[in-house]
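Me: I would like to go through this chain by question and answer. Please give the cut-offs along the way.

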Amino acid sequence: MSETVPANAATPAGQLPAEVPAKKDEGSFAWFLVKLVIAVLVFRTLLFTSFMIPSESMMPRLLEGDYLFAAKWPYGFSRASLPLDLQLGGGGRLFSHLPARGDVVIFKHPVDRVDYVKRVIGLPGDRIEVVAGQVVLNGSPIDKRRTADFVLPIRPSEGCTRVEFTERESDGTFVCRYPRFHETLPGGVNYDVLDLGVTPQDSFAPITVPDGRVFVMGDNRDNSLDSRFPAVSGQGVGLVPVANLAGRASFMFFSTDGTASWLKPWTWFSAARWSRIGHSI
């Protein structure tokens, strides 16, 4: 015959009440959530910010639909690198460092503070000009050599920058075939650019980059509103203030070709460009 233990019976020495482990587990989970929130805040505030490539201005290295992380600490911390564009006391920059020539940077547009991504070509004191599509840095043309065309698959409903770059493959698919060049900056940083022919922005009068500013360009030279254009909301960026730098592009954590639909979860996988994920910038 079993015995009924009174609800208020004393707990034998060395044993915890049955409900204590549950409360302890609840407390542990709450503390885990607190630590998780702190870790995310530290990550977003001091370490990295995320960015989605919205245009073709940085082809061939970056494609529309690429998602990347940008490291914040290389250039220090300012309003541009803080979440929600928060203002630092005094409006300055802590632990400020200049980027290196060739860095791909995320920055706030000088007028409307929208996030942009471009490559740093000129630092304070550098003299920059563009002659017939050739970048001239401090009196010397940047080494620029023709390489294999950049081929970008597209859907029939899409188009290339200009119709003459559109080709139909033997299997019936369409691609954009763009002239590609390899540039090397003083110091050895090298990267690919696209040059689609003669355009108005292929000529840019000499200018000396002032203190506290950098000269940036898109790798897709004929399809980029960059420092060759005056700073106008939604258009050119002019000479970008160092204080506007949010971070240095580091690596891609996702990439999509734009065919996914939120209402069709299986398309999230079919639209992913898996071969691009994890690549450094």
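Me: Leaving aside neighbours within four places in sequence, which residues is Arg-221 in contact with?
Reply: This is a predicted model, in which local features need pLDDT of at least 70 and side-chain atom pairs count only at pLDDT 80 or more, while totals for chains, interfaces and linings use all residues. Residues are numbered from 1 along each chain as its sequence is written, and side-chain values use heavy atoms, with hydrogens and water left out. Contact means heavy atoms within 4.5 Å. By that rule, the partners of Arg-221 are Ile-121, Val-135, Glu-183, Tyr-191, Val-193, Leu-194, Gln-201 and Arg-228.

Me: Is Arg-221 buried or exposed?
Reply: Arg-221 sits in the loop between S13 and strand S14 (240-241); helices (H or I, at least four residues) and strands (E, at least two) are DSSP runs, numbered from the N terminus. Buried means under 20% relative accessible area, exposed over 50%, and partly exposed in between, with a 1.4 Å probe and protein chains only. The relative accessibility of Arg-221 is 5%, so this residue counts as buried.

Me: Which residues touch the most other members of the largest nonpolar core?
Reply: A nonpolar core is a set of buried Ala, Val, Leu, Ile, Met, Phe, Trp, Tyr and Cys residues joined through side-chain atoms within 4.5 Å. In soluble globular proteins, nonpolar side chains tend to be buried together. The largest such core here has 15 residues, and those touching the most other members are Ile-121, Ile-128, Val-135, Ile-142, Phe-215 and Met-217.

Me: Which elements give two or more residues to this core?
Reply: Ile-121, a core member, touches Ile-128, Val-135, Phe-215 and Met-217, among others. The elements that give two or more residues to the core are strand S5 (127-131), strand S6 (134-137), strand S11 (190-194) and strand S13 (213-217).

Me: Why is the disulfide of Cys-160 and Cys-176 left-handed?
Reply: A disulfide is a pair of cysteine sulfur atoms within 2.5 Å, and Cys-160 and Cys-176 meet this at S to S 2.0 Å. Cys-160 is in the loop between strand S8 (143-154) and strand S9 (166-168) and Cys-176 is in strand S10 (residues 174-184), so the pair ties together parts 16 residues apart in sequence. Both cysteines are buried. The disulfide is left-handed because the torsion about its S-S bond is about -100°.

Me: Which residues are linked with Asp-66 in a network of salt bridges?
Reply: Asp-66 is buried, as is Arg-276. The network of salt bridges links Asp-66 to Arg-273 and Arg-276.

Me: Is Lys-144 buried or partly exposed?
Reply: Lys-144 forms a salt bridge with Asp-195 (2.7 Å, N to O). Asp-195 lies in the loop between S11 and strand S12 (204-208) and Lys-144 in strand S8, so the pair ties together parts 51 residues apart in sequence. Asp-195 is buried, at 12% relative accessible area. With 21% relative accessibility, Lys-144 counts as partly exposed.

Me: Which residue of the loop between strand S3 (104-108) and strand S4 (115-122) is Arg-113's backbone feature about, and what is its phi?
Reply: Arg-113 is found in that loop and is partly exposed, with a relative accessible area of 22%. Arg-113 is not a glycine, yet its phi is positive, at about 60°.

Me: What is omega for the cis peptide bond that joins Met-59 and Pro-60?
Reply: Pro-60 is found in the loop between strand S1 (48-52) and S2. For the cis bond joining Met-59 and Pro-60, omega is about 10°.

Notes: A salt bridge is a side-chain nitrogen of Lys or Arg within 4 Å of a carboxyl oxygen of Asp or Glu.
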